[in-house]
Amino acid sequence: MEGRSIGTERGRWVPESPAWWQRGVIYQIYPWSFADASGDGVGDLRGIRDHVDYLAWLGVDAVWLSPIFPSPGVDLGYDVSDYRDVDPRFGSLRDLDDLVAALHAVDVRLILDLVPNHTSDRHPWFEQSRRDRTNPRHDWYVWRDPRPDGAAPNNWESYFGGSAWTFLDPPGRWYLHSFDPGQPDLNWDNPGVRDAIRDVMRFWLDRGVDGFRIDVIWLLGKDPELRDNPPNQGWREGLPDYLRLRRAYSEDGPRAHDHAQFLRSVVDEYPDRVMIGEVVLPPERAVAYYGTDLLEAHLPHNFALTEVRPGDALDLVVADWTAEGIRAIVEHYEAVMPEGAWPNWLLGDHDFPRVASRLGPERARVAQMLLLTLRGTPTCYYGDELGLVDAPPGTRGAVTDPQAATGEERDRLVARTPMPWTTGPNGGFSAVEPWYPIASDDQALTVERQRADPGSLLHLFRALIRLRRERPALAVGAYRSLLAPEDVLSFERWHPDVAVHVHLNLGPSPRQIDLAGGRVVLSTAGPTAPAPKVTLGGYEGVVVDVSASE
Ligand code: NOJ
């Protein structure tokens, strides 16, 4: 079969001197669950430091750490009560400095999770703000008087269910919380708030942190008039209640872009840092967060391969994991990206079901090959390199997910379980019972077993990272779709030096592909002898070295 282009044209921009965050692979660590060094059942910074050799062995370029700041833990750290310290459950500032040094020593960067849309209700800023309306910090949060009948100021809903407003007396007003009532939204229209967050960012950047993942960046822009969200015309019985309204005014307004630019300007005060934006929107709206002239997020997260909940559509959009479905997603994303912007991909994070559970274990390998061969920075969620699965529904730990507490939404904690390091007690995660049970007692899903097995997913994951490092075509090359047999997703990654072809059989039946004279350099199925024709087994993928055809 001819490797001819059927989609995006070759010749898109290939960065000449790519930044580390373009070339590299980002690995997300959920600090509660990576490794417990202190012996209290909760993961911590020393635990991560103890496993820096693992991260170096794996070959990742950066760690994105979910929040480690002091927090009452209502939303497991996404409710920050002090932006300039480390929560004692995770260690101390000293531990953070040690971790940065240990990571940098092996050339791995550290990205912190910054939560600027809201604080904890225990943050001193909110404690001052709520005292009375004359307090200088009162306007740092979004307060409104009751309507004449005493009701909440508008119909906005919390992501965790119910009204997004809670009444407090004093000050006799309602405050806005896009999430839990314990997470009041900051008022980004107040310059004092912007300055305070800028100072927080400088505090961490001065300590040598390499950038931020900005939580819910698209929520920073709310309608200044706080107008009611309009009803979703097509809502029908059976769809969740939170889809009854379109979030037209409560988020993704023009000011979100001003604020994103502001955040980026702070990151740009420091050389070689990165700003990632969480933007859970359909791709055509998410890419707006690259910004005019690319002055917002370097990498607005691209959730197209997970599941997105669009603000103005009716349903959950779940990626269609067929060759045709994925090709359409990739080509659409490539087409809507602004010129010169750098793509990124992820298969999930701490808010989504794990990819191996969503797609089934048989597709776990080909899914990782896809993630690590598409054009753009891959972000891998800890444990996915093992094919870790979700804990069974109904599993209970020491804390509860506020989202699941509404009863309408799934429990996100099932995908935040302790990392299974060994076949020993508690998976080698902790000397005591972990804060949340290990997801699976399958010993094949431990680092120990998979490190010892050259045929494991872990070794495949590592080999893919190594291949990206060796071949600029994979790390930074252009993308174009190739003609492919049914069920197979084939694409070229082109670079002036050399090109590679990737063929991913997303179906269960064997398929023949043409190597176009190239040589298989990696297969999800293990070592493959070079041959002019290759039969891909069900759910098998290969990377093929081909000479540049132009
Ligand atoms: C997005 C985070 O990823 C999620 O875990 C959190 O609950 C909300 N933002 C609120 O901060």
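Predicted model: local features only at pLDDT ≥ 70, side-chain atom pairs only at ≥ 80, totals over all residues.
Q: Is strand β3 enclosed or open to the outside, and how many of its residues are buried?
A: Let's take the two faces of β3 in turn. R109, I111 and D113 sit on one side and L110, L112 and L114 on the other, and all are buried. That leaves β3 (residues 109–114) largely enclosed by the rest of the structure, because the number of buried residues is six of the six.

Q: Which residue in β3 is the bridge partner of L65?
A: β2 (residues 62–65) pairs with β3 in the parallel sense, over four bridges. To get from β2 to β3 the chain goes through helix α4 (residues 93–105), and this β-α-β crossover is right-handed. As for L65, its bridge partner in β3 is L112.

Q: Which residue in β7 stands opposite L114?
A: β3 also pairs with strand β7 (residues 211–214), in the parallel sense and over four bridges. Look across from L114 into β7 and you find I214.

Q: At what angle do helices α6 and α7 pack?
A: Two packed helices are described by the angle between their axes and the distance between the axes. For α6 (residues 191–206) and α7 (residues 254–267), the axes are 10 Å apart. α6 passes α7 in a right-handed crossing. The packing angle is about 30°.

Q: Is P283 buried or exposed?
A: P283 is in helix α8 (residues 283–286). Beyond its neighbours within four places in sequence, P283 is in contact with A304, H332, Y333 and V336. The C-alpha atom of A304, 21 residues apart along the chain, is separated from that of P283 by 6.7 Å. Since the cut-off is under 20%, the 16% relative accessibility of P283 makes it buried.

Q: What is the relative accessibility of F352, which counts as buried?
A: F352 is in the loop between β12 (344–346) and α10 (355–359). Buried means under 20% here, and F352 counts as buried because its relative accessibility is 8%.

Q: Which residue in β15 is the bridge partner of S481?
A: β14 (residues 478–482) is largely enclosed, because five of the five residues are buried. A478, R480 and L482 point one way, whereas Y479 and S481 point the other way. Five bridges join β14 to β15 (residues 488–494), and the two run antiparallel. The β15 partner of S481 is F491.

Q: Which residue in the turn between β14 and β15 has a positive phi?
A: β14 and β15 form a hairpin, with five residues between them. In that turn, the residue with a positive phi, about 75°, is D487.

Note on methods
Residues numbered from 1 in each chain as written. Heavy atoms only, no water. Axes fitted to C-alpha atoms, helices over the stretch in contact; angles between N-to-C directions. Left-handed = near helix turned anticlockwise from the far one by under 90°. Buried < 20%, exposed > 50% of the residue type's maximum accessible area, 1.4 Å probe, protein only. Pairing = 2+ DSSP bridges. Right-handed = clockwise from strand over helix to strand, strands pointing away. Contact = heavy atoms within 4.5 Å.
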